Amino acid sequence: MEPLADVAMLPGEERVIDKEIIYICPFNAAVKGKVFITNYRLYFKNTDSDTPITLDVPLGVISRVEKMGGASSRGENSYGLEITCKDMRNLRFALKQEGHSRRDIFDILFKYAFPLSHGMQLFAFLSQEKYEENGWNVYEPMDEYRRQGVPNSEWRVTFINKSYELCDTYPTVLVVPYKATEEDLKRVATFRSRCRIPVLSWFHKDNHAVITRCSQPLVGMSGKRNKDDERYLDLIREANGTTKLTIYDARPNVNAVANKATGGGYEGDDAYQNAELVFLDIHNIHVMRESLKKLKDIVYPNVEESHWLSSLESTHWLEHIKLVLSGAIQVADKVSSGSSVVVHCSDGWDRTAQLTSLAMLMLDSYYRSFRGFQVLLEKEWISFGHKFASRIGHGDKNHADQDRSPIFLQFIDCVWQMTKQFPTAFEFNERLLVVILDHLYSCRFGTFLYNCESVRDSNNVRGKTVSLWSFVNSDTSLYINPFYTPESSRVLYPVASMRHLELWVTYYIRWNPRIQHQQQSPVEQRYKELLAMRDQYLKKLEELKLSDSTPSSTHLTNSSTPNAATPNQHITHLQTPF
Amino acid sequence: MASENNGSVCRVCVEAQQPFTIISASARAVLVRKKLSAKEGGGWLSGTLFCTHFRVAFVPQDSQKPDDNADPVLLGDHDVALASIDKVVAVGPSRTKLVTPTCSLKFTPEELVLYCRDMRVLCFLFDRLTPDTQASTSSAAGKLSLQLSGGFAHKPNLVTNPNIQCFSTRSIEMKQFLSNRRRDPNMNWFECSMGWEQELERTGASGWRVSSVNDRFEMSTSLPRFNVVPQRVLDTELKKTFAHFNEGRIPRWCWRHPHGSDLLRMASFQNNIYHEKDDIRNLELVLFGGQQLCVIVDLGEEMPSPADIQLAHTRLRTLCLGDISSSVSVPDDKWLSTLESTRWLDYTRCCLRKAAEVACLLRGGHMTVVLQEPEDRDMNCVVCSLVQAPVFLLFLDCVWQLWAQYPARFQLTEDYLLTLHDSVHLPLFSSFLANSQRERCRRSQSYTPVNGLRELPIGAPEEPVDPPFPPVWDWALQYSSQRRARFTQPVSQPACPPPHNDGLPGSVFLLSRSTFSHPSNLLPWRSGNSGSYWKSHRRAPSSESLSGLERLIRACSLSEPSENPSTLHDPYEPLLPLLLGPCVRVWRGCYLRGALHAQAFSHPTSSCNQHPLDQLAWEVQQLREKLAQAYHRRPENQTKRQEPRRLESNLNQNANNGTFLFSSSSRTSQQQLPPSSRGAAHSSVPPRAQRTASDPPRPAQRNNGKHTFLFGHQEPQSGQRYVPSPSAKPQKRAGNSH
């Protein structure tokens, strides 16, 4: 392990270039120092004062690198680089104007920040990190379905997709209605966008109601129908005797109608007579991307001071969070009342994943445990083909790609809102959520790479990269919520109202030094102090007992003796003023 | 059988049979279900609803009969004082109606919603029984609604005319009960010179003394009787300074920072007064204390006026409570901007910012910081309950913001702040009812000027007098011990002994809008036209000290990240609030607890369990006590057994930091009273704490065990429980036969 300034480099990390540079810190003045670039990170350390100012930025976080000013630009620090990051910050560096001083560093940054655009490998494939636990084993589909109580007389496991022939964005193991044949599945696949047929996500052990997920039906302008699809949805309904199957279409009604123009659409009343359709009004990936952009504008680098709340309102970020949460609440409520549901949006990999995973988090306390949450992410997001590569743009230079969108961040934000409202219901803490988001971008682990299982398989991600869970599970103490009190039976319904949602300040505004020292939750800090105090007292008590082991224990047997002193003392104290 | 006497549905409580209640013959009792908030565990709770002159009481059906030995509490966990109620709304099958004393209900209410001034919302559902009894229920429900609205409609009288005794203390029993309350002797009431001397000693402030020059309120009617002024100013000299300040509110010492700065407060200068030579010397002395530097912080200009705060608070209340009768509620997607437009959070931030600036100045040491506002009474003074400006509520909100940012640095808990918040609305406490010590004294005829502690008159007085109002700090009067236990965190941070310093009078600066200046007319007697200010005395404020001051302030407004985490634990470091927009938040636990619609889906985190933090804190406290005991038991420690305990109470007091007049040591130690000390405790402490785990539980007796004002079927001897000394007995008897 070669030291890099004062941080240890990761196994497999290699130094590429270092350079004298000026970091234009938005919170202080310009800072002179040295920047180190490796194949994994950009590291800056100041050289101009004893108070250390450092930056440690994984290159995967970078969405855009630009040149700032030209060789003839006037003004101090006007010549340099501007780096836009995916994690709510921008970095500006200035260099000497003479001799094209920024050319090499710009080229290297551009190359290593966007390796896929330059025919190079993501760092996850170069990393040599070793951990005791293999995080790739966290999620075993069959184990998880068995935990839920599947297969059973109503639901069966099918391996029809074992070589991704039915649907190339679905996992290999699927759970479908017992009565549906393999032929049925193939015919239904023709009527669902990208062949993403309705399959089971979660099974309610007591009332046998299920959450199933899929993509939109291919209704089109002409209003096509498909008997197999209609019958298949009815099989889902029948499985536990639900009278009316509820189909949650995550989109706003108008968007669902508009999708007919491109061959999609929604389940019509005539075709699906035993089903009711509910639109959940959650907007698409483009709306979410713009909303987050607005949020970044009001929190970085400076927090909007005078009209903070109305500025926040105008980003609509919390409103979107609210709609996602209240959609999930409706799903969870329906299922816990015994009715089976189908959830879809357009392709069934963005809003659908948000809704099913949040509803499962509300319904099933297992997913609120430290391990269970990892299983939830592996299952509903990673294996069911949330397009991480497209949404995040790993290693890709095309920062303006319209496929990019903070859908997963929005989901994690919803989870955070739930942990805020139910501080004792989750085994993990806020720090785990932040670490997940940091490594969503970092490309250090294979967990969030690529769009779906089939591509992950062909790139041998499990064999060639380390799982994020290997890293996280190697030191769980950092991420454990000390207040966790497991409770299995209750459904958690968060309050999805603007009155009760909060901006996740310690994530979105964490780069602001005026927020920073709140990083550690004060309550948690207090709890740790108390724990330390308890241990200390216990130890002292133990010591006292040990040294007391001489038979002078007559005092110990008569417990009223020491007590008597207290009230007497107290009463004299009380009477003195009179 | 008259419908209202039907025991299964309604009961009418008759005063004559229940001497220890304040209930009137017209009070109604109705079987209802109360909607429980998320914090209470959610769902519905069946019980009986009563309305008395003082409160609306809800008694859960299967509630445990309170211990006969326990003191009655004024308000049970489910009760609300009439004075706290803002609006009563009756909900019928198809409509809702705001109930007023003059209106009549033309429908059968199914639900009664009480909107409270303290932002609680209570919702009661009238149980529908058989059709037979339904009629009587509904009639009773209707009457109850009217009764309620009639009850709280009287309230304005009480506030606008403070001479009218409030009906809560009209009843004889109540009077007697209140007469027998004693002040917590461990608490500093700041009403006698001793209180202030203690505070000077506690903060290590030298060079200051307690002056009794205002003992008869002759110098200033609104100032307290005792005030802290520089030692070097004699009372005869001091007397001449009063005329130079609005309402005679001269600069008075409030607090000393461990780094040696003194915090003073005063009203604005009377400018049209001629300054005699001697006056000027005295004025300078009074303003500078022993310090060389004086910063006058102008609160008049940038701080919100009481009217602003009143408006903001009204808006906030309207916004947070919503109102089902008017069906005008702010759409959820406009919540943030509407909240912003109340300006409440702006004002909170404004106060916090100013306080942080002052804290930073004080931290700098060696100066007096004088808070000046024209009246010197609003931003600082405790306000009369209701109607008047909710300035005090703004202060509580500020304290909550600090608490929310640094919970580990407070001994008090959110429950405590919440309770204080709610108490402001009760027209019962001397602490909040009067405007000044003078008014408080006039109300309590029985005060003794010797030591300021209210003593009961010895021997029977010629005629019954109204008892003084109890102070709000008499928590046992209001709340059960379990609830009071939630007011403090058992373990608090230790503090260090304060240093001291001295200096000579010199430069004076004005701090206004976060900038320093030294306008020539800042001190009227120093300005040219006021005549006889000694030229030799005038010192041009050095630019060096100016920039030094600015540096102090900058530290607070930027609140740089502390690279050194140890500074966070420096006991002299002020708790500087984070003032960024996202950091100043709405106090949901208080303002939004009434928002029923938001709770519809909410499930409690854990219905009956304590928060794990409280649980652990309790454990630590137990361990600490165990440790102390184990330590005493050791033979070599038998002689100095009392020491660790005293140390502990000192720690607690220091942690209070003078912000709140609250003595925690008394609470903990009272709870430790074993049964054997009962006889001794009788004469000095309220008997509430006497029951310990070793006491056998009393058998529950129907109709007999309840021991609040409402139900007190009195056992002969329990009446005497509240008599602290035999001499007070005759008075009590006279009251009973009345």
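## The annotated site

In an unreviewed UniProt entry, the annotation "active site" covers Cys345(A); such annotations may be inferred rather than shown by experiment. The structure here is a predicted model, where local features need pLDDT of at least 70, side-chain atom pairs count only at pLDDT 80 or more, and totals for chains, interfaces and linings use all residues. Residues are numbered from 1 along each chain as its sequence is written, chains are lettered from A in the order in which they are written, and side-chain values use heavy atoms, leaving out hydrogens and water.

You will find Cys345(A) in the loop between β16 (341-344) and α9 (351-363) of chain A. Helices (H or I, at least four residues) and strands (E, at least two) are DSSP runs, numbered from the N terminus. With a relative accessible area of 3%, Cys345(A) is buried (under 20%; exposed is over 50%, partly exposed in between, with a 1.4 Å probe and protein chains only). Beyond its neighbours within four places in sequence, its contacts (heavy atoms within 4.5 Å) include Cys214(A), Asp249(A) and Arg251(A).

## The nonpolar cores

A nonpolar core is a set of buried Ala, Val, Leu, Ile, Met, Phe, Trp, Tyr and Cys residues joined through side-chain atoms within 4.5 Å. The largest one has 178 residues, and Phe373(A), Phe408(A) and Tyr508(A) touch the most other members. Helix α8 (residues 317-336) of chain A gives the most to this core, ten residues. A second, separate core of 36 residues includes Leu166(A) and Val175(A).
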